[in-house]
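Hi everyone, thanks for making time this morning.

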Amino acid sequence: MARPHLSLIIPVYNGASRLEETLRAVDDFRAAAPCSLEVLFVDDCSTDPRTPAMLEAFAAARDGVQVLRNERNRGKGHSVARGMLKARGAFRVFTDVDLAYPLSETRKILRALEGGADVAIACRVLPESRYLMSPSFFHYLYTRHLMSRAFNLMVRVTLLPGVLDTQAGLKGFTAEAAHQIFTRSTIAGFGFDIECLYIAHCHRMRVENVAVDFRYDDEPTTVRFVRDSLRMARDIATVRWNGWTGRYVSPIGPLAGEADGPVADAATDSVAHAV
């Protein structure tokens with residue numbers, strides 16, 4: 001089977017109420033794709049039975065669509081890593097299932113990779129970026145958004161100089177960069193973004209910030225924001241420690257590393273449907 005030019009990885013956990021809209025958007029994207037494409041959904045052991053059923057039915061009716069199902073809930077970082085290492089594309093992009101970044105924005109990430117970047121990341125703070133949000137969320141810009149920017153500044157100072165937006169849910173990698181990064185990653189939760197970018201930094205990969213269109217559909221509660229910030233601080237400490245101990249630059253073989261990172265126990269996870 002010919003190697004696809006692009007692999008699109010979408011981690012999923014529940015969300016059946018919005019999944020139908022996402023699947024329609026994926027169909028539209030596949031129909032308009034200017035290159036060979038595979039799509040991998042990674043279901044992180046959804047507890048809503050409708051979610052895996054919808055995914056499996058969608059994949060069964062389409063070539064080039066695959067569903068991977070984790071046997072237990074492992075976190076977004078695990079799901080993205082598993083999809084990246086299972087993908088066959090020369091270029092590999094992951095995005096969130098709510099499609100806060102329209103799938104058309106994937107083409108911008110792909111162009112950056114085709115242009116020589118090892119890693120391309122959506123950047124919401126570039127002047128060319130545009131966003132859509134409900135007027136009821138306007139105060140978000142002055143509270144949690146500013147707090148988020150302060151957090152990103154801390155990450156830039158301590159770990160990632162030059163990376164303006166570490167947490168955007170749209171990122172792309174060349175096949176080689178994906179292998180180098182995700183066979184070494186250890187964080188299975190949301191801090192995996194910082195870790196994968198830091199691994200890229202350790203290997204002197206070219207990381208390009210890409211202006212995007214995106215939308216805010218939900219405002220996190222203060223409790224959730226504080227809780228997530230504490231987790232992120234812990235993850236920053238983990239990344240710093242792993243960097244000091246040389247974990248991210250240790251040699252790996254072409255198939256090694258999977259059992260050491262967030263995709264550990266992948267042998268117990270199942271492929272729900274593959275075409």
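Let me begin with two terms: buried means under 20% relative accessible area, exposed means over 50%, and partly exposed lies in between, with a 1.4 Å probe and protein chains only. Helices (H or I, at least four residues) and strands (E, at least two) are DSSP runs, numbered from the N terminus.

A word on where this comes from. This is a predicted model, in which local features need pLDDT of at least 70 and side-chain atom pairs count only at pLDDT 80 or more, while totals for chains, interfaces and linings use all residues. Residues are numbered from 1 along each chain as its sequence is written, and side-chain values use heavy atoms, with hydrogens and water left out.

Now, which residues of helix α2 are buried? In α2, residues 50-60, they are Thr51, Pro52, Met54, Leu55, Phe58 and Ala59. Looking down the axis of α2, these buried residues fall within an arc of 160 degrees, so they line one face of the helix. The arc here is taken from the directions from the helix axis to the C-beta atoms.

Let's step back to the whole chain. It has 8 helices and 10 strands, and 50% of its 275 residues count as buried. For contact, think of heavy atoms within 4.5 Å. Among the contacts with a separation of 6 or more, 82% are between residues 24 or more positions apart. The accessible surface, from the Shrake-Rupley method with a 1.4 Å probe, comes to about 12600 Å², and carbon and sulfur atoms hold 56% of that.

Next, the aromatic rings. A pair of aromatic rings is described by the distance of the centres and the angle of the planes. Rings of Phe, Tyr and Trp (its six-membered ring) pair if their centres lie within 6.5 Å; planes under 30 degrees apart count as stacked, over 60 as edge-to-face and the rest as tilted. The whole structure contains 6 aromatic pairs. In one of them, phenylalanine 41 and phenylalanine 58 have ring centres 6.0 Å apart and planes at 90 degrees, so this pair is edge-to-face. What parts of the chain does this pair link? Phenylalanine 41 sits in strand β2 (residues 37-43) and phenylalanine 58 in helix α2, 17 residues apart, so to speak distant parts of the chain. Phenylalanine 41 is buried, at 0% relative accessible area, and phenylalanine 58 is buried too, at 5%.

Another pair is phenylalanine 173 with phenylalanine 182: the centres are 5.2 Å apart and the planes at 80 degrees, so this one is edge-to-face. Both of these residues are buried. Ring pairs also join Phe94, Phe173, Phe182 and Phe192 into a cluster.

On to the cores. In soluble globular proteins, nonpolar side chains tend to be buried together. By a nonpolar core I mean a set of buried Ala, Val, Leu, Ile, Met, Phe, Trp, Tyr and Cys residues joined through side-chain atoms within 4.5 Å. The largest one here has 35 residues, and Phe41 and Tyr101 touch the most other members. Elements giving two or more residues to this core include β1, α1 (16-32), β2 and α2. The largest share, 5 residues, comes from α1. Apart from this core lies another, of 33 residues, among them Leu40, Ile181, Ile199 and Val239.

Serine 7 is in strand β1 (residues 6-12) and is buried, at 0% relative accessibility. Leaving out residues up to four places away in sequence, its contacts include Glu38, Leu40 and Phe91.

Leucine 113, in helix α4, is buried at 3% relative accessibility. Leucine 113 and glycine 172 are 59 residues apart in sequence, with 7.4 Å between their C-alpha atoms.

Is tyrosine 13 buried or partly exposed? Tyrosine 13, in the loop between β1 and α1, is partly exposed, at 42% relative accessibility. Beyond four places in sequence, tyrosine 13 touches Asp44, Cys45, Ser46, Thr47 and Asn73.
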